[in-house]
Each structure stands twice: as structure tokens, then as C-alpha cells.
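Please read each point with the model open.

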Amino acid sequence: MEKGRIIFLNGVTSAGKTSIVEALQNREDIFFYVVANDLFEEMAGENYLRKDYWKYLSEIIIIMYHTAKICSDMGRNVLIDGILVEREEIKPHYHQLLEILKNNPLDIVEVYCPLDICRQRNIMRENRYETQSEEQYALMAGNIQYSTRVDTSIYSPEECAKKIIQELFN
């Protein structure tokens, strides 16, 4: 059985990852399952996340990557909506991702948006705080091998989705 493609949308909060996920899922030409930090955080529950956020989030992230691997092994395409951060609790995060998915077709897409625009988007959202994107950016893993890059400050989610499909599936 041919393995499904795994597309990791990597970017800070409010960069536009989830909007791109929705645009990709609205396409008629290709189907994706989605695994996302926000969805998987619920596995631990609020009490544990409040006690030791990074400990439990680090475990959840690894579970999320194994879930993406299982879907890919079953021949299903997968979108990962996440961010590759290098915190002590999960180091070396990027290398762990590569190790877990080493036998699966993985493309990492940089979802870029200038931090000042992310800040404005955070202000408009009720579930983010103003400087969250900057804080995440400071923690992002370096030297990531990206397959492509999309800029959500210039292009709509639909245009970004189209570019991803054109560059990675054609």
C-alpha cells in the first residue's frame, strides 16, 4: 500500500495555518485527515496542562506525530497544524519529528506572516494573547528543511492551499 503524504504546516499562532487547513479540506481534488496541537491538547485536560503545560504538551505532540504516521501508513493524506518549537521538554523537537516520520512522505510548509500582522490577528481573537506569536517565534526550531513557503499576509487561505497542492502534488 502506498503511504499517504504528510504535510506539516509550521508557523506561529495567527499565521494562518488553520485557515489553510480549512481551505485544503474544502478542495474537491484531494482529501486530508487533520492532526493539530489545538485538537490534541484536549487529550491531557485543562488541569494537567495548567499544572505543567510543556510537559504534557510535549507528550501530546509526540502522540500527534505517531497518529499522523499511522494515517500515512494506512494510505491517507494528513495535515499537521502545528509549530516546531525547541523547548527543553521536547528537544530535539525537529529531529524527533524527522525520526518518527522517516519512512513516510513528509513535506514541511512554512506558513509565514509578519509578526506585526500576527499581533493584530491575536488581538482580534479572544483565545490568544497579543504577544503570543512573538513568544512562539523566539522558540521556533532553526534550520528546518522546508518544501515550500506561503505568505498569508499576501495570499488568501485558498491561494495558499492552491500553491501547496500545485507545488507538492503535481
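1. In this predicted model, the side chains of Lys 91 and Glu 88 meet in a salt bridge, at 3.8 Å from N to O. The pair counts as a salt bridge because the nitrogen of a Lys or Arg side chain needs to be within 4 Å of a carboxyl oxygen of Asp or Glu. Lys 91 is partly exposed, with a relative accessible area of 45%, whereas Glu 88 is exposed, at 63%.

2. Lys 91 deserves attention for its backbone as well. The peptide bond that leads from Lys 91 to Pro 92 is cis, and its omega is near -10°. Pro 92 belongs to the loop between β3 (78–82) and α5 (93–100).

3. Which residues of α5 are buried? They are His 93, Tyr 94, Leu 97 and Ile 100. These residues lie on the same side of α5, because they cover an arc of only 130° around the axis. The buried residues of α5 pack against β1, α4 (53–73) and β4 (106–112).

4. Ile 100 is placed in helix α5 and, with a relative accessibility of 13%, counts as buried, because the limit for buried is under 20%. Leaving aside residues up to four places away in sequence, Ile 100 touches Ile 62, Tyr 65, His 66 and Lys 69. Between Ile 100 and Phe 40 there are 17 Å in space, C-alpha to C-alpha, and 60 residues in sequence.

5. Helix α4 also holds Ser 58. Is Ser 58 buried or exposed? Its relative accessibility is 5%, so Ser 58 counts as buried. The contacts of Ser 58, not counting residues up to four places away in sequence, are with Glu 89 and Ile 90.

6. A search of the whole structure finds five aromatic pairs. In one of them, the rings of Phe 8 and Tyr 65 have centres 6.0 Å apart and planes at 55°, so this pair is tilted. Distant parts of the chain are linked by the pair, as Phe 8 is in strand β1 and Tyr 65 in helix α4, 57 residues apart. Both Phe 8 and Tyr 65 are buried. Tyr 48 and Tyr 56 form an edge-to-face aromatic pair, with 5.3 Å from centre to centre and 65° between the planes. Tyr 48 is partly exposed, its relative accessible area being 41%.

7. How many salt bridges does the count give? The count comes to 14 salt bridges. One of the pairs is Asp 73 with Lys 69, whose closest N and O atoms are 3.0 Å apart. Both residues lie in helix α4, four residues apart, which is about one turn of the helix. Asp 73 is partly exposed at 30% relative accessible area, and Lys 69 is partly exposed at 21%.

8. Another salt bridge connects Glu 110 and Arg 149, with 3.2 Å between the closest N and O atoms. This pair links distant parts of the chain, since Glu 110 is in strand β4 and Arg 149 in strand β5, 39 residues apart. Glu 110 counts as partly exposed at 22% relative accessibility, and Arg 149 counts as partly exposed at 38%. Elsewhere, salt bridges that share partners join Lys 3, Lys 69 and Asp 73 into one network.

9. Ser 14, a residue other than glycine, has a positive phi near 70°; Ser 14 lies in the loop between β1 (6–10) and α1 (17–25) and counts as buried at 7% relative accessibility. Asn 143 likewise has a positive phi, near 55°, and is found in the loop between α7 (132–139) and β5 (148–151). Asn 143 counts as exposed, with 79% relative accessibility.

10. A final point concerns the surface. Met 1, Ile 70 and Met 74 form a nonpolar patch there, and together they have about 380 Å² of accessible area. Met 1 belongs to the segment before β1 and is exposed, with a relative accessible area of 79%.

Terms used:
Residues are numbered from 1 along each chain as its sequence is written. This is a predicted model: local features need pLDDT of at least 70, side-chain atom pairs count only at pLDDT 80 or more; totals for chains, interfaces and linings use all residues. Side-chain values use heavy atoms; hydrogens and water are left out. Helices (H or I, at least four residues) and strands (E, at least two) are DSSP runs, numbered from the N terminus. Buried means under 20% relative accessible area, exposed over 50%, partly exposed in between (1.4 Å probe, protein chains only). The arc is that of the directions from the helix axis to the C-beta atoms. Contact means heavy atoms within 4.5 Å. Patches are made of residues with over 30% relative accessible area and no salt bridge: like charges are joined within 9 Å, nonpolar side chains (Val, Leu, Ile, Met, Phe, Trp, Tyr) within 5 Å. Accessible areas come from the Shrake-Rupley method with a 1.4 Å probe; for residues, only the protein chains shown count as cover. Rings of Phe, Tyr and Trp (its six-membered ring) pair if their centres lie within 6.5 Å; planes under 30 degrees apart count as stacked, over 60 as edge-to-face and the rest as tilted.
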